[in-house]
Amino acid sequence: MRLRRCLIVPVVAAALAFPSAYAADIQQTRDGVTLTYQDQSGSTAADVRDRIIATFFATYPRQRHDFHPSAPSSVRIVMDPSYDGVAYVGEKEKSATITINPRWLVKHPNDTDLVTHEGMHIVQGYPGYASEQAPSWLVEGIADYARDQYGVANAAGGWALPTQIKPEHKVDSGYRVTGAFLKWGEAAHPGLVKALDSALRSGSYTPALWKEHTGEDLSALWKDYAGRQ
Ligand SMILES: [Zn+2]
């Protein structure tokens, strides 16, 4: 699940020098979760690497515990200079893998909670993406809701959920816009996000779930949310 907020290919990429020394994999286990960190080209500075690993262990086990205790207990983080996006989740060698573009971290060294968003995608483990049963706006909204709830350095990374609704914001804008809506919805209807997450995982999500859980359909709920400001 790619972060669509920045698919810009940095023009300076080719000019960045990556140390060519092979960097050995790092493997650590904490709280029942094993992380393998791979950066074969030695692309990422040690302090950023350490903060990425620390952020992963501060967030993924808690997200896993709270939403999906049988989510993968073995995760890889791979620094891949050939990847032009920001970060995405997929499977590599049968392991849940977060692939990160190291150039993004060179430019945004404090955006370490991107692993909180991506780790939530591993916890989600929904059977589809961008489908009726798993609309991408909702999947990404939950991942950013989780980044807000579990992230450890969002402010330092210049990241926050919006507190103002702009005319262009819609319920299905996804990412932070939907994340802020979910935060409001969860406060008003505790358990909403877990109910959505659970239905998405089992493939039983339908828009009717909003009304079942809140008493209002999605568009009415968004109007309440947008109108309160
Ligand atoms: Zn995402």
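Modeller: Helices here are DSSP runs of H or I with at least four residues, strands are runs of E with at least two, and both are numbered from the N terminus. This is a predicted model, in which local features need pLDDT of at least 70 and side-chain atom pairs count only at pLDDT 80 or more, while totals for chains, interfaces and linings use all residues. Residues are numbered from 1 along each chain as its sequence is written, and side-chain values use heavy atoms, with hydrogens and water left out.

His-117 and His-121 both sit in helix 3 (residues 114–124), four residues apart, or about one turn of the helix. An α-helix has 3.6 residues a turn, so residues three or four places apart point the same way. Both histidines are protein donors of the zinc ion, each through NE2, and Glu-140 is a donor through OE; these donors lie 2.0 to 2.1 Å from the zinc ion. Donors are N, O and S atoms within 2.8 Å of the metal (3.2 Å for Na, K and Ca); water is not among the atoms, so sites may look incomplete. The spacing of the donor residues in sequence is H-x3-H-x18-E.

Tyr-129 belongs to the loop between helix 3 and helix 4. The side chain of Tyr-129 makes a polar contact of 2.6 Å with that of Glu-140. Such a contact is a pair of N or O atoms within 3.5 Å; within protein, one must be able to donate a hydrogen and the other to accept it, and residues adjacent in sequence count only if both atoms are side-chain atoms. Tyr-129 is partly exposed, because its relative accessible area is 25%. Tyr-129 and Leu-200 are 71 residues apart along the chain, with 9.8 Å between their C-alpha atoms.

Helix 4 spans residues 136–150. Of its 15 residues, 13 are buried. Its end C-alpha atoms are 21 Å apart, which agrees with the 21 Å that 15 residues should span at 1.5 Å a residue; the expected span is 1.5 Å times one less than the number of residues.

Gln-63, in helix 1 (residues 46–67), is in contact with Thr-116, Gly-119, Met-120 and Val-123, and also with Ala-146 and Tyr-150, among others beyond its neighbours within four places in sequence. Contact means heavy atoms within 4.5 Å. With a relative accessible area of 0%, Gln-63 is therefore buried.

Helix 5 (residues 175–188) comes next, with buried residues including Tyr-175, Phe-181, Leu-182 and Glu-186. Helix 3, helix 4, helix 6 (192–202), helix 7 (208–214) and helix 8 (218–227) are among what covers the buried residues of helix 5.

In helix 8, Leu-218, Leu-221, Trp-222 and Tyr-225 are buried. They cover an arc of only 100° around the axis, so they lie on the same side of helix 8; the arc is that of the directions from the helix axis to the C-beta atoms. Lys-223 and Gly-227, on the other side of helix 8, are exposed. The cover over the buried residues of helix 8 includes helix 4, helix 5 and helix 7.

Key. Buried means under 20% relative accessible area, exposed over 50%, partly exposed in between (1.4 Å probe, protein chains only).
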